[in-house]
Amino acid sequence: MDAVYTTPAEHNNPMEPHATIARWNDDGSLTLYDSNQGASTVQSTIAKIFGLERGRVHVVSPHVGGGFGSKGTPRPNVVLAAMAARAAGRPVKFAVPRQQMFATTGYRTPTVQRVRLGAGGDGRLNAILHEVAEQTSTVKEFAEQTATPTRTLYRAPHRLTSHRVVPLDVPTPSWMRAPGETPGMFALETAMDELAVATGIDPVELRVRNDTDRDPESGLPFSSRNLVACLREGAERFGWAGRDPRPGARQEGRKLVGMGVASSTYPAYQSPNQATARAEPDGTFTVRIAAADIGTGARTALALIAAETLKEDLADIRMEIGDSSFPRASVAGGSGGTAGWGTAVVRACEALRGKLNGAVPPEGVEASADTGDELKARAAYARHAFGAQFAEVEVDADTGEVRVRRMLGVFAAGRIINPTTARSQFIGGMTMGVGMALMEQSVMDREFGDYLTRDLAQYHVPACADIRDVDAAWVEESDPHLNPMGAKGIGEIGIVGAAAAVGNAVHHATGIRVRDLPITPARLLPEL
């Protein structure tokens with residue numbers, strides 16, 4: 001099987017405002033009130049730009065609301081606010097208007113992907129080739145890791161992945177809602193669906209047959225891998241057994257109905273972090289780390305981790321985050337926040353428990369932790385989260401309009417710290433995946449090298465009416481090789497396979513294979 005798949009440029013969360021308040025203090029230090037995904041990262045970057053010692057930049061960002069990659073590193077608004085405040089000699093607030101957000105906050109690069117799969121009649125892969133071409137700017141190179149999940153997901157003795165980055169006179173791409181894994185998995189999982197059709201093997205069974213207990217790329221054992229459990233659980237919950245495999249077989253009036261499936265995977269990243277835990281004289285505890293809560297519930301999850309480690313009531317834990325004066329923390333990105341920050345919180349709380357002996361003195365008792373050495377000493381395992389996503393769509397035979405009737409994701413992501421916020425993250429990721437599959441596309445102005453889609457009238461994202469029934473679940477997974485909590489990241493895996501599941505459902509409904517996103521009526525109508 002040999003096919004080319006393309007994904008368009010997508011813009012990075014144009015609904016999330018970017019604003020900064022900057023103030024130069026009498027002692028020459030700089031204070032920034034900013035919405036970002038990592039106060040420590042902003043502090044280091046701005047200090048370099050303005051020639052300051054790191055400690056003379058104070059970044060305050062306790063409440064973010066959303067980032068999705070667009071606030072992973074400082075954007076022009078932070079630098080401009082500081083420059084304007086220095087020139088004006090007074091505090092300055094700089095907010096990026098909607099249209100300028102499309103030009104300054106980053107976008108997902110378009111991709112052209114060629115996938116070739118070789119398999120026997122039993123569907124077992126003997127060759128996987130995934131070649132990617134994508135754009136970057138002439139100002140700074142940014143490369144998406146588009147083909148990297150292909151190295152991990154399925155076994156095959158013959159393998160090739162490659163990335164070619166083409167520098168063009170365009171804005172620089174950036175991270176966006178699970179970086180290259182998302183467009184990469186659209187190509188791979190669409191190709192797997194095509195292979196299932198060609199071999200006459202059920203798409204779920206095809207993926208099960210190609211499962212592996214070792215990372216095909218490195219040869220390392222997986223710390224845990226429950227992809228098959230996700231596929232089996234999801235198939236049962238979704239009613240997959242009742243699916244007629246013939247494309248176009250199910251029709252309700254003028255609606256063509258189909259079901260699709262796709263696998264998901266995302267690395268279980270973890271970075272070094274620092275944290276402090278303090279016992280207060282009044283019997284409460286204060287835990288500090290410069291982490292960021294970008295709408296994921298990180299503040300609550302870390303408080304739960306601290307309470308469990310200290311063996312205290314959650315009501316007695318004061319969790320303070322989002323300030324560069326707190327112990328240094330990694331960015332909220334790569335689905336590594338809870339794993340990295342949580343490990344530092346656990347170690348700080350463990351150290352504090354070791355110091356407590358009877359009554360707490362008036363000045364309190366404090367302990368700190370740095371997890372850098374701990375991460376260096378970890379045993380070698382391939383650490384990844386996995387999932388399976390199922391979609392049912394209806395396609396209007398007269399207009400070509402696609403509607404997602406229902407969607408289900410089942411995930412294996414280690415221990416789930418907070419089920420309520422975890423489910424919200426999974427559903428949010430799948431919702432954004434629907435946007436990627438059916439709506440989102442940035443149109444380039446070929447004369448000036450910038451994007452024409454600069455507001456939400458031109459750049460479409462899913463509304464409530466587009467998301468009728470979406471659900472998320474997870475399988476129980478115990479993994480002692482991750483971190484003290486046994487947790488994997490969940491912030492991004494929800495979107496990784498979503499677009500492919502929708503696209504595969506469209507093929508099942510219509511018999512039309514769309515290899516270019518988004519799947520618009522214009523791509524379906526000529527063949528309906």
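Which ring does the charged end of Arg 406 sit over? Select Arg 406 and Phe 238: the charged end sits over the ring of Phe 238, 3.8 Å from its centre. Here, a charge sits over a ring if NZ of Lys or CZ of Arg is within 6 Å of the ring centre and within 35 degrees of the ring normal.

A word on the ground rules: this is a predicted model, where local features need pLDDT of at least 70 and side-chain atom pairs count only at pLDDT 80 or more, while totals for chains, interfaces and linings use all residues. Residues are numbered from 1 along each chain as its sequence is written, and side-chain values use heavy atoms, leaving out hydrogens and water.

Rings of Phe, Tyr and Trp (its six-membered ring) pair if their centres lie within 6.5 Å; planes under 30 degrees apart count as stacked, over 60 as edge-to-face and the rest as tilted. By this rule there are eleven aromatic pairs.

Next, select Trp 24 and Phe 50: the ring centres are 5.7 Å apart and the planes are at 70 degrees, so this pair is edge-to-face. Phe 50 is buried, with a relative accessible area of 13%; buried means under 20%, exposed over 50%, and partly exposed in between (1.4 Å probe, protein chains only).

Then go to Phe 142 and Trp 175, an edge-to-face pair with 6.4 Å centre to centre and 70 degrees between the planes. Phe 142 is buried at 12% relative accessible area, whereas Trp 175 is partly exposed at 36%.
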